[in-house]
Amino acid sequence: MASVETVQPIKSYSDERKYRVVKLENEIEAILVSDPDTDKAGAALDVHVGHFSDPSEFPGLAHFLEHMLFMGTKTFPDENAYSKLINKHGGRSNAFTSTENTNYYFEIVPEHLEAILELFSGFFTEPLFTPSATEREMKAVHSENAQNLQNDAWRQFQFLKSTSNPNHPFSKFGTGNLETLRDKPKKLNLDTREALLAFHKKLYSANVMKVCILGKESLDDLQKLAVKYFSNVENKSVDRPSWATEPFHAPSLGHLYELVPIKEQRRISILWAFPSLREHYKKKPASLLSHLLGHEGKGSILSALKKKGWANELIAGLSQSTTGFAAFTITIDLTPAGLESYHEIVTLIYQYVKLLEEAADKEWKQAFEESRDVAAMNFRFKGKENPFSFCSSLSGRLQKYKPLDVLEGPWKYETLDIKLVKSLVAKMTPDNMRLHLISSTFKGKTSEKETWYQTEYNKKKIDEKLMETWRAPEKTNELHLPAKNEFIATDFQLVSKKPEAKAEGKRPKTFPKKIVDEKGFVVWHKTDDVFFKPKGYLMMSLASPKVFTSPRTFVLGELYIMATDEALIEFTYDAELASLSYNFTMNKKGFELHVKGYTHKLPVLLYKVVEKIKDFEVDAKVFDRLKERCVRSYMNFMKQQPYRHALSNQARTMELRKWDPMSKIEEAKAVTLKDLKEFAKDLLDYVDLECLGFGNFTEAQTLEMTTKVKDILKCKPIKPETRVQLRSVQLQPGTTYRTQRKGYNVDDPNSCVCALYQIGQETYPILARLSVLGHLISEPAFDQLRTKEQLGYSVFSTPSSVNGSLNLLILVQSPTKGAKYLDDRVEAFIGKFQKDLADMDEKSFLANKTAVIKKKRKKDKKMKEEASRHWGKIVYKRYNFDKVELEVAEIEKLSKKDVLDFYIRYLSISPTRAKLSSQVFGKDHSFPNAEDKPTEDTTGIPPVPKDTTSQVQIGDFDDFVQSMPLFPAYLR
């Protein structure tokens, strides 16, 4: 074989896949993954070229090239050849561009791996970059950027870049838009397509590419595929780029930056410039610092800040990690009092840094050994990753780790290097710091604007007296390093033994067993017989008629959860570090509590959490902090992207007990500590408790744990007449309903339409037809509405279920077109696709049907997936654990005519169709009435069919729901 080097990487004890790393003669390095039991194959290619490499005349070119590689090759010139083939055979694909890397990846049913590899590998040897596609795809990049303009994470990241050293590529604008990719180059007489070709030809070299291929084939056969499809990628022997300058230079350090956010945020962020730590991945110095500075237990920075009422959350760790530099950042979510006290907060942080400077070797050793032991435990018992994300991750890891460590690298703690760690602590100084304060209180008080996102800010020199205080902070008794973690598991005994051998490709089909069936108390159990890991899931539904009844009880329910979490944090944080966690949430009928992790100490966590839920208490100081945070979260929904608002409006139109953001904000502002205590007092007196014990539990252990939970709660069964009924609106056939609203965020340029086509109540024949149709329509909708018409970056279609009533959704968000126009284009596509479906040949239909069946039968890769699948049937009392096979049986019967008839009845304009169009209009788009006609030129694209259905404009959502018939209750 044409390879020059072979390495077998270290793998997990529980990993049954086989691995090999090979270096081809052209210097491409490839990791091969053989998994005879897999139901999906996949591949990825990571090239060490990102937006750091953008030419100064073309900001965003690397990202634009990522888009363009999907648009046809010389051998496969059709623009959607790749996406069409991927979709036809039940796959998916994606790509991303970062500062130094671009990563392309896909998954597919195993028997079609080679066909996709042939097409995929052409991206790197013979891309077309046709002039028409180049012109159109610029608009997609522009739409992607427009979608992010109101996103605080994107804004703040670019602000950091734009205010860094202008002589370092970190300062570049990496996304690109029409100005950088089309307009400015034209003024300079530069050709963007020629720039793409030159960029690809110069930098896309085999010696900076890493490949991953995963399939059913043997390692030898996978190696043959790697050689066959990637050996012809040219090796241009490019050097990995390096820069003599630092991104965080003296003029940007030792300063305070005041930023105005889009959402209601109050944050303080401290960034320290670090050297690159890539070569120290076996020592994990930054992970050790993150563990200590980001700790949430007693003696931590966050614990001290919460006691003062100054903070809600704290995150610490590497925010940047490249081949040339790194940055360590602490970010704290502040209360109003915390914002006013930011000087003292920074002082507290430097007091903790001083603690680290003076820490004894034995303290470093304890922290390192605990981190090492947990990482080793998690690597030993890690679950099987899905090929899609796994291939992407492995190809990227090959850029960072030695081939031997490519699997173990993220979990590898080989040696404690105290000298190295202390050298980093020594860099945590005020003079090596960027201090960011983020608050809407700076609005109207700033003097500067960032170039690309127009973020308003001030840059201020920090007072020298403050700097002196931070350089030499006084000691405090409030802070200390973490105590020993008692939650780390040491007993990994399994309650069921793994069979010596399993039949090839077979998995046991066993379902949860009901072991308790009492009034108000039902328990299900299933011992893991697939994964054989010492982990478990205890999942509980606490159905209560007091929670989901009004905006007020909804808000009180959320505050009850927040206060419970707050009371537990110092106890449960060590458990979380030891991969043992809980999740307490609301659902449509009350609460859910999930406890998961290593079963050795899971009951200890479970009982403590349930006791806190039952014995609810919260003081005034904590309540005020949580209430402010709750109000802020509701207010920030108004600044979400328009598609979120369209989906919210749709839900409020289709379901009982859905409330508008303003009513939740009003209730959250009005609620008092007394209200919350009154709500909590008898909240759990009447509860229906239904549980699932899944994983490394015996039936007796599940029964013991759930019985104790019931005894702690001391709850009585719900009275039947008070049980929550989940119902949805029944739209009338032959009718098109519209909701039309201006966007909540008056500065957002994007409009959105979410078109819902209601099918009816869930039955297996309907599920089968909708599943096949949803699969068939997905790629053509994306190709027509996004690729060809360039309406916007966010385009997708999907089947959905609202309390048991089935629908098909098509959503489009656009910065350039209004929502009414988008709705017309969806209708035009619906008309066009009817003909495409009618013209589809039988072979293609059968291939797509087969792909749907294989998707349905997809194996669970991790315990979490199986647990969630069973729980979904239990929590809403369906109990149809064999649902997949019942659906598949119906799908196998389907003909193309069945699906076409289904399409004509429910999606095409007809007397039997029921449609809801939820429209949200951006700041620059007109706000028409339902009867308005299209005002855009549609030359050359499918015409809009005449809508002969009745038209209903929806005004008040609640009035509409009250006036409509409802489907029968979903819950039994």
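## Packing of α17 and α22

Helix α17 (residues 551-577) packs against helix α22 (residues 673-681) at an angle of about 85 degrees, and their axes are 10 Å apart. The two helices are therefore roughly perpendicular, a label given to angles of 65 to 115 degrees, with under 35 degrees counting as roughly parallel, over 145 as roughly antiparallel and the rest as oblique. From α17, the residues R552, T553, L556, G557, L559 and Y560 make the contact, and from α22 the residues D675, L676, F679 and A680; contact means heavy atoms within 4.5 Å. By class, this contact of α17 with α22 has six nonpolar, two polar and two charged residues. Nonpolar covers Ala, Val, Leu, Ile, Met, Phe, Trp, Tyr, Cys and Pro, charged covers Asp, Glu, Lys and Arg, and the others, Gly among them, are polar.

The model is predicted: local features need pLDDT of at least 70, side-chain atom pairs count only at pLDDT 80 or more, and totals for chains, interfaces and linings use all residues. Residues are numbered from 1 along each chain as its sequence is written, and side-chain values use heavy atoms, with hydrogens and water left out. Helices (H or I, at least four residues) and strands (E, at least two) are DSSP runs numbered from the N terminus. Axes are lines fitted to C-alpha atoms, for helices over the stretch in contact, and angles between N-to-C directions run from 0 to 180 degrees.

## The six-stranded sheet

Six strands form an open sheet with mixed pairing, in the order β15-β16-β20-β17-β19-β18; two strands pair if DSSP finds at least two bridges between them. At the edges, β15 (513-518) and β18 (580-587) each pair on one side only. On average, neighbouring strands of this sheet are turned by 10 degrees against each other, direction ignored.

Strand β18 runs antiparallel to β19 (residues 590-598), and eight bridges join them. Y582 has V595 of β19 as its bridge partner. Helix α17 lies across β18 and β19 and runs at about 180 degrees to β18. Helix α23 (residues 699-713) also packs on the sheet, where it touches β15, β16 (521-527), β17 (535-543) and β20 (688-695), and its direction makes about 150 degrees with that of β16.

## The seven-stranded sheet

An open sheet of seven strands, again with mixed pairing, has the order β10-β11-β9-β12-β8-β14-β13. Its edge strands, β10 (311-321) and β13 (448-449), each pair on one side only. Five bridges join the antiparallel strands β8 (residues 255-259) and β14 (residues 456-461), with K459 of β14 as the bridge partner of Y257.

Helix α12 (residues 342-357) packs on this sheet and touches β8, β9 (266-275), β11 (325-334) and β12 (433-439); its direction makes about 35 degrees with that of β9. Helix α19 (residues 620-637) lies across β9, β10 and β11, at about 60 degrees to β10.
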